[in-house]
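Subject: Structure handover

Hello,

Please find the structure below, for you to take over. My notes on it come after.

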Amino acid sequence: PAVDTLPTVARPDTMPRQSPAASTAGFTVQFAAVRSEQAANTAAAEIEADGRRAHVVRTSQGGFDIWRVVLGPYPTREAAERVARSTGRSYWIYEGRP
């Protein structure tokens, strides 16, 4: 005999949730990460795309100061990719704000 089954419906408390920070953080284009603030500022002065000039963000990693040359954030990875490609430079894209 045939057995009737009901479709399985996920309960709201068992569905995966997206972090609010991840959904609103955007995407940042990074062109360099160097240990010299002067070198970072020089590189940033040479990079402009979509009417914006790259800027320098200071971070610390392994006890060392690192200066990152970045543009963004952009609302989508596609927007970040488009801007990054337009510079003609090597780049990395990461999720989040600089």
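This is a predicted model: local features need pLDDT of at least 70, side-chain atom pairs count only at pLDDT 80 or more; totals for chains, interfaces and linings use all residues.

Residues are numbered from 1 along each chain as its sequence is written, and side-chain values use heavy atoms, with hydrogens and water left out.

The sheet

Four strands form an open sheet in the order β4-β5-β1-β6, with antiparallel pairing. Helices (H or I, at least four residues) and strands (E, at least two) are DSSP runs numbered from the N terminus, and two strands pair if DSSP finds at least two bridges between them. The edges are β4 (55-61) and β6 (92-95); each has a single partner strand, so one side of each is left without a neighbour in the sheet. On average, neighbouring strands are turned by 45° against each other, direction ignored.

β4 and β5 pair over seven bridges, one of which joins Arg 58 to Trp 67 in β5. These two strands form a hairpin with two residues between them, and Gly 62 in the turn has a positive phi of about 60°. β1 and β6 pair over four bridges; Val 29 has Ile 93 in β6 as its bridge partner.

The helices

α2 (residues 37-45) lies across β1, β4 and β5 (64-74), at about 20° to β5. α3 (residues 77-87) lies across β1, β5 and β6, at about 45° to β1. Angles run from 0 to 180 degrees between N-to-C directions, with axes fitted to C-alpha atoms, for helices over the stretch in contact; contact means heavy atoms within 4.5 Å.

A buried glutamine

Gln 30 is found in β1 (residues 27-34). Gln 30 is buried, at 7% relative accessible area; buried means under 20%, exposed over 50% and partly exposed in between, with a 1.4 Å probe and protein chains only. Its side chain makes a polar contact with that of Arg 68 at 3.0 Å. A polar contact is a pair of N or O atoms within 3.5 Å; within protein, one must be able to donate a hydrogen and the other to accept it, and residues adjacent in sequence count only if both atoms are side-chain atoms.

Regards
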